[in-house]
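User: I would like to learn how to read a structure feature by feature. Can we start with charged side chains?

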Amino acid sequence: MTKLAINRRQAIVGLGAAGALTLLGRPAFAASKVKLGVMRLASHAPSYIARERGYYKDEGLDVEFEFFEAAQPMAMAIASGDADYAVTAMSGGLVNLAGKGAIKVIGGAVSEEKGLVGAIILASEKAYQAGLTTAKDLSGKSFGVTTAGSSFHYMCHKIAEANGIPMSEIRLRRLHKVGAIVGALGTGQIDAWAIQGSIANEMLAEGSAKQIGLVSDYAPDYQVTTVVSSTNNAANEREKTEAFVTAHSRAIDDYNAAVVDKTATPEEVDEVAKIIHKYVDSDHPFPAAKKILVGSAMRINKGCALTLESAMNQLVWLKAEKMVSETIKAQMLFDISYVETI
């Protein structure tokens, strides 16, 4: 383990001194309605699998989906009580809400991993033809983000940093919704973007964008999304929260086996892909959608484990960029008593 990892683990030693709780052999929580924030992206597949296969119900949870188009509104919904749990990026807005005592990161979800497609760096057709053919060419170009401090902003930072490009030389275009960025890139209104493969590969297949790199080349251990809840749920609804993590973790195993590790049978791959297709790219024929969904896999951390060093790096970056208060400490943001850290 690196010195940095040790120091950062020590920084939050008070978060979960008892360690992660055992998630097996625990009696199911009494029936409870739960609102879960999701996006229509393949990275949210475990939410769909757990609901369709009855894993949430097995744990006594009646889960209703709340759909969003960006990370920041999801964090606000958690803070306001409009959603109980969500899988979302650790945005500046989320961290500031944690600093106000409203929200906690309780686990990890999607992670970048060398050897997997992960998020793809795209150029518009117009920009590509004008010379934007690699990530090294981003200087002077525009890059799409939903909001400042979003995962898209952080990915741009990591790409620029690795290529020696000052962020001041990249024009960030804030478009607030993923769909708006798709449209802007496809019509050449912005030059570049980075997005997970389920969207990127569709744009590549349509010829509306060109691939110029992979985010995993620049941030191979990046904790892209996290599992979040309200501070009240994390502190005072422990049995319900454990039930959610248990059910969600079961679905993560199904997803990784079928789509990432390729250890599932062809029949199981089809079943998992059909569940995802019901919520993602449902307007496309299943065979074409399956090819994109299965061919653009991203690792989802087993047991909702949190890649702690990456999460801490994001907090440090947000502070350095003055997007969150310097007074926000790790103990305000993380509750690592529910999962393991890696």
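Analyst: Start with the general idea. Side chains of opposite charge can pair when their charged atoms come close. Now the case here, in a predicted model. Lys302 and Asp253 form a salt bridge, with their closest N and O atoms 3.1 Å apart. Lys302 sits in the loop between strand S12 (299-300) and helix H14 (308-320), while Asp253 belongs to helix H11, so the pair ties together parts that are 49 residues apart in sequence.

User: What about a buried charged residue that has no salt bridge?

Analyst: Look at Glu202, in helix H9. Glu202 is buried yet has no salt bridge. The nearest side chain of opposite charge is Arg40, 12 Å away. Next, read the contacts. Leaving aside neighbours within four places in sequence, Glu202 touches Gly197, Asp281, His284 and Ile292.

User: Why is helix H9 largely enclosed?

Analyst: Count the buried residues. In helix H9 (residues 197-206), 7 of the 10 residues are buried, so the rest of the structure largely encloses this helix. Those buried are Gly197, Ser198, Ile199, Ala200, Asn201, Glu202 and Met203. They pack against strand S6 (119-124), helix H8 (178-186), strand S9 (192-196), strand S10 (209-214) and helix H13 (286-294). Just after H9, Gly207 takes a positive phi of about 80°.

User: Now sheets. How do I read one?

Analyst: Strands of a sheet pair through backbone hydrogen bonds, either parallel or antiparallel. In this model, 5 strands form an open sheet in the order S2-S1-S3-S11-S4, with mixed pairing. The edge strands, S2 (61-67) and S4 (103-108), each pair on one side only. From one strand to the next, the twist averages 25°.

User: Which pairs are parallel and which antiparallel?

Analyst: Strand S1 (residues 32-38) pairs with S3 in the parallel sense over 2 bridges. There, Gly37 has Ala86 of S3 as its bridge partner. S3 and S11 pair in the antiparallel sense over 4 bridges. In S11, Val228 stands opposite Ala86, and Val227 stands opposite Val87. S4 and strand S11 (residues 226-230) also run antiparallel, joined by 5 bridges. Ile103 stands opposite Ser230 in S11.

User: Which way do the side chains of S3 point?

Analyst: In a regular strand the side chains alternate between the two faces of the sheet. From S3, Tyr85 and Val87 point one way, Ala86 and Thr88 the other, and all are buried. S11 is mostly covered too: 5 of its 5 residues are buried. Helix H5 (residues 92-99) lies across S3, S4 and S11, running at about 125° to S4.

User: Last topic: how do I read a nonpolar core?

Analyst: In soluble globular proteins, nonpolar side chains tend to be buried together. Here the largest nonpolar core has 116 residues. Those with the most contacts inside this core are Met90, Trp193, Tyr255, Leu333 and Phe334. Helix H11 (residues 238-260) supplies the largest share, 10 residues. Take Tyr255 as an example. Beyond its neighbours within four places in sequence, Tyr255 is in contact with residues including Ala42, Ala45, Ile49, Ile276 and Met298.

Technical notes. Residues are numbered from 1 along each chain as its sequence is written. This is a predicted model: local features need pLDDT of at least 70, side-chain atom pairs count only at pLDDT 80 or more; totals for chains, interfaces and linings use all residues. Side-chain values use heavy atoms; hydrogens and water are left out. Buried means under 20% relative accessible area, exposed over 50%, partly exposed in between (1.4 Å probe, protein chains only). Contact means heavy atoms within 4.5 Å. Lys and Arg count as positive and Asp and Glu as negative; His and the chain ends are not counted. A salt bridge is a side-chain nitrogen of Lys or Arg within 4 Å of a carboxyl oxygen of Asp or Glu. Two strands pair if DSSP finds at least two bridges between them. Axes are lines fitted to C-alpha atoms, for helices over the stretch in contact, and angles run from 0 to 180 degrees between N-to-C directions. A nonpolar core is a set of buried Ala, Val, Leu, Ile, Met, Phe, Trp, Tyr and Cys residues joined through side-chain atoms within 4.5 Å.
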